[in-house]
Amino acid sequence: MAEEVKLFGKWTSPFSRRIEVALKLKGVEDEYIEEDVLNKSPALLNYNPVHKKVPVLVHNGKPIAESLVIMEYIDATWKHNPILPIDPFEKAMARFWAKFIDDKFWAIWPAAKKAMISGGEKEREEGVEEAQQHLKALETQLKEKKFFGSERLGFVEITASLIVCIVVAQEAMGVEILTQDKFPALHELTQKFADDDVFKQCVPPREQHSAYFKAQLGALAASK
């Protein structure tokens with residue numbers, strides 16, 4: 001009996017993208033279902049009644065929610081091409097740093113968005129400074145780690161692909177936040193994503209992605 005693998009996602013969601021990348025690294029075929037977050041499908045609400053958001057992976061009728069949880073499930077279910085380390089200590093450290101990255105992103109993104117949609121120079125500078133302080137903590141903690149040394153993307157790297165959104169959004173809005181001179185390790189990681197064949201299959205075309213952020217953030221700026 002063939003396995004049923006469905007992914008409920010959103011093309012603009014970096015959290016959905018994590019699951020797309022993990023599945024492709026494993027060579028697992030799935031049915032991708034694009035969700036409208038403003039008009040969520042009954043299936044999504046049924047499979048994720050708690051948070052009511054993407055991504056949701058449905059494997060043989062069983063739903064799994066939350067991107068980090070889903071990635072661990074994928075790695076445990078399809079054991080070839082592991083994305084988590086085999087060693088228990090290294091696996092625990094990968095989980096720790098993945099959680100650290102997620103926590104930092106939710107501090108970085110509001111500050112970055114503030115910088116991108118602010119009309120006044122002072123408010124924009126404050127947003128940039130706040131975002132860069134959080135990015136500095138991420139750069140400092142992760143640049144010495146060994147998670148980013150292998151050729152293949154692993155659990156921590158896939159988690160860190162969130163920063164691609166910041167890079168594309170800042171380019172779309174003409175604001176410099178994550179720059180090569182201030183954050184060389186993070187910049188190097190974004191280049192690794194740009195060069196990775198699997199990641200390139202999952203990320204939207206740059207022009208389309210940039211246009212999305214320009215429209216969304218531009219509308220927020222205009223409403224201020």
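This is a predicted model: local features need pLDDT of at least 70, side-chain atom pairs count only at pLDDT 80 or more; totals for chains, interfaces and linings use all residues.
The backbone of E66 has a phi near 75 degrees, a positive value in a residue other than glycine. With a relative accessibility of 32%, E66 counts as partly exposed.

At 41% relative accessibility, N60 counts as partly exposed.

How are the strands arranged? There are 4 strands in an open sheet, in the order 2-1-3-4, and their pairing is mixed. Strand 2 (31–34) and strand 4 (62–65) stand at the edges, each with a single partner strand, so one side of each is left without a neighbour in the sheet. From one strand to the next, the twist averages 20 degrees. As background, strands of a sheet pair through backbone hydrogen bonds, either parallel or antiparallel.

Strand 1 (residues 5–9) and strand 3 (residues 56–59) run antiparallel and are joined by 4 bridges. Within this pairing, F8 stands opposite V56 in strand 3. Strand 3 is also joined to strand 4 by 4 bridges, and these two strands run antiparallel. Here V58 stands opposite P63 in strand 4. Strand 3 and strand 4 form a hairpin with 2 residues between them, and N60 sits in the turn.

A cis peptide bond joins V54 and P55, with omega at about 0 degrees. P55 lies in the loop between helix 2 (42–47) and strand 3.

Helix 1 (residues 14–26) lies across strand 1, strand 2 and strand 3. Its direction makes an angle of about 155 degrees with strand 1.

**Aromatic pairs**

Now turn to the rings. The structure holds 11 aromatic pairs. One of them joins W11 and Y212: the ring centres are 5.6 Å apart and the planes stand at 70 degrees, so the pair is edge-to-face. W11 lies in the loop between strand 1 and helix 1, and Y212 in helix 10 (residues 206–223), so the pair ties together parts that are 201 residues apart in sequence. Are these two residues buried, exposed or partly exposed? W11 counts as partly exposed at 27% relative accessibility, and Y212 is partly exposed as well, with a relative accessible area of 26%. Ring pairs also link W11 and Y212 with F15, F105, W106, W109 and F213 into a cluster.

**The largest pocket**

Which residues lie nearest the centre of the largest pocket? They are T12, S13, P14, F15 and W106, out of 29 residues that line the pocket. F15 and W106 also belong to the ring cluster. The volume of the largest pocket is about 890 Å³. Helix 1, helix 3 (67–77), helix 4 (88–117) and helix 10 each supply at least two residues of its lining.

Methods:
Residues are numbered from 1 along each chain as its sequence is written. Side-chain values use heavy atoms; hydrogens and water are left out. Two strands pair if DSSP finds at least two bridges between them. Axes are lines fitted to C-alpha atoms, for helices over the stretch in contact, and angles run from 0 to 180 degrees between N-to-C directions. Contact means heavy atoms within 4.5 Å. Rings of Phe, Tyr and Trp (its six-membered ring) pair if their centres lie within 6.5 Å; planes under 30 degrees apart count as stacked, over 60 as edge-to-face and the rest as tilted. Buried means under 20% relative accessible area, exposed over 50%, partly exposed in between (1.4 Å probe, protein chains only). On a 1 Å grid over the protein atoms alone, a cavity is a set of points where a 1.4 Å probe fits but cannot get out, and a pocket is an open set with protein on both sides within 12 Å along at least five of seven lines; lining residues have an atom within 4 Å of a point. Grid points are joined across faces, edges and corners, and a volume is the space filled by probe spheres set on the points.
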